[in-house]
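Here is a short briefing on a protein–DNA model. Please look over the sequence and the structure first, then read the points below.

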Protein chains: 2
Amino acid sequence: MSKAGQTRGRGRPRKFDERAVRQTIMETFWQKGYAATSLDDLSKATGLVRPSLYAAFGNKEAMFLRAMDDFVIRVQGDLAQQIPRDATPEEALRAVYMAMLAIYRDEPLEQARGCLVFSTAVAAAPLHPEIRSRLMQRVTQTDAQFRRLLNHLAPDTAEDTRQAAAELAAATLHSLGLRVRAGTDPADLSRFAQRAARSISLLLQR
Amino acid sequence: MSKAGQTRGRGRPRKFDERAVRQTIMETFWQKGYAATSLDDLSKATGLVRPSLYAAFGNKEAMFLRAMDDFVIRVQGDLAQQIPRDATPEEALRAVYMAMLAIYRDEPLEQARGCLVFSTAVAAAPLHPEIRSRLMQRVTQTDAQFRRLLNHLAPDTAEDTRQAAAELAAATLHSLGLRVRAGTDPADLSRFAQRAARSISLLLQR
DNA sequence: CTTTTATTGTGCGATTCGGTATAAAATAAA
DNA sequence: TTTATTTTATACCGAATCGCACAATAAAAG
């Protein structure tokens, strides 16, 4: 495995930056998906020969699972930065969707990659139980995060209404990733996200 | 290509039923996705040797595009049968989601396949422009169908409210396919669908 | 029967697949 | 310097990949 700290270790030193390589692996899977990404693709993209990839990260499935984790960390980081702590539900949802849109569109590169988890892992799920299980985790966690957000921003709304609103908020996110990957025009995407944020916030006001 | 009618044609007769083979091709892609399905997989599943597949349906991408079309025809057929012509918006949406759930779960086989288009083509989209374009078509058409449905069942609701509701209805469908493929429990899926139908119909009542 | 047309079956062909064995290279520890 | 440890580089494995020649086969048309 890998040494965490900056201690030099014992044998021949690595000539690659593990974090940069993980980033590249993530981006390769993100664009091509699991099945269509070969180890040669990863090798070429990272500059590492295949045995080095194996030694550092395990087999292809392990690399993909790690890429999913790295993707989630990236998403959570961006969201934590960009969601206002105190705002109306509509403002908060809009902030979430705009931040996710920036990621899904891979700005400023404008690559229209969608979501590594919802648009890519989903296709690999039936043949790869571990990927399916990780995907399930993400769906559940996303639901829970929206529920917590609405619990905080709309505490007076009835419990079941908040539950329904949180699920619609998650569904909107799933749809957003899909629409980006389908190639929807950026202006249309923004309007879609804003209308959804508005509608869901209206639901909470009953 | 193929002769449509029952005219016997001229050369050696085919020993396969084209519709049954197309059905099998569709189901294979549906489960495994585009990239992970090999021509050998299709050959074994259909019983046709590879040259016969090529002669009848073209290359792998052409087969997948055809499978997308066949899938859509299947979905539209089921929906046309099972959506009540006159119903409340909530009833209609529930009927749509329950019918789609039956397809996504591949009942009565209980395979949890999700949506061939939204859960499978989406992963292949960036590397295959034709698939991406077909996917985009489907997203657009689905939006339009929900809009028409709500135009018919809630004609007195404001135009922009209907638009927003239709988009949320489509997003719910996208999410439903994803959740099925992630392995969500059937009872949870039903509740999710029913809550969404109820929430969206409430939106229309403003 | 002979010719024409369409499909099937065998097999190849060049490439790519995921994964690994093995040796060379580069460093730290003894 | 010697030894231990780790990474890199080369080469290879058998299997699978998509796609296609080519001949055998089966029917209709002449």
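Helices (H or I, at least four residues) and strands (E, at least two) are DSSP runs, numbered from the N terminus. An unreviewed UniProt entry annotates residues 15–75 of chain A as "domain: HTH tetR-type". UniProt positions follow the numbering used here, feature names are shortened, and annotations may be inferred rather than shown by experiment.

This is a predicted model: local features need pLDDT of at least 70, side-chain atom pairs count only at pLDDT 80 or more, and totals for chains, interfaces and linings use all residues. Residues are numbered from 1 along each chain as its sequence is written, chains are lettered from A and ligands numbered from 1 in the order in which they are written, and side-chain values use heavy atoms, with hydrogens and water left out.

**DNA strand D**

- There are 24 residues around DNA strand D, and A:R12, B:R10, B:L39, B:R50 and B:Y54 come nearest. A residue is near a molecule or strand if one of its heavy atoms lies within 4 Å of it.
- Of the atoms of DNA strand D that come within 4 Å of the protein, 73% belong to sugar and phosphate.
- Each of three helices supplies at least two residues of the surface near DNA strand D: α3 (50–57) of chain A, and α2 (39–46) and α3 (50–57) of chain B.
- That surface near DNA strand D has 11 charged, seven polar and six nonpolar residues. Here Ala, Val, Leu, Ile, Met, Phe, Trp, Tyr, Cys and Pro count as nonpolar, Asp, Glu, Lys and Arg as charged, and the others, Gly among them, as polar.
- B:Y54 places a polar side-chain atom 2.5 Å from a phosphate oxygen of DNA strand D.
- B:L39 uses its backbone: an N or O atom there lies 2.9 Å from a phosphate oxygen of DNA strand D.
- For B:K60, a side-chain N or O atom is 3.5 Å from a phosphate oxygen of DNA strand D.

**Chain A with chain B**

- In contact (heavy atoms within 4.5 Å) are 41 residues of chain B and 41 residues of chain A.
- The two chains bury about 3,600 Å² between them, 66% of it on carbon and sulfur atoms. Buried area is the accessible area (1.4 Å probe) that two parts lose on being put together, summed over both.
- Four salt bridges link chain B and chain A. A salt bridge is a side-chain nitrogen of Lys or Arg within 4 Å of a carboxyl oxygen of Asp or Glu.
- One salt bridge pairs A:E167 with B:R195 at 2.7 Å, N to O.
- Another salt bridge joins B:R179 to A:D143, with the closest N and O atoms 2.8 Å apart. This pair runs from helix α8 of chain B to helix α7 (residues 129–153) of chain A.
- Over all chains, the structure holds 30 salt bridges.

**Loop between α5 and α6**

- A cis peptide bond links A:E107 to A:P108, with omega near 5°. A:P108 sits in the loop between α5 (89–104) and α6 (117–124) of chain A.
- In chain B, the peptide bond between B:E107 and B:P108 is cis, with omega about 5°. B:P108 lies in the loop between α5 (89–104) and α6 of chain B.
- A:E110 has a positive phi, near 55°, and is a residue other than glycine. A:E110 is in the loop between α5 and α6 of chain A.

Conventions
Polar contact = N/O pair within 3.5 Å; in protein donor to acceptor, adjacent residues only side chain to side chain.
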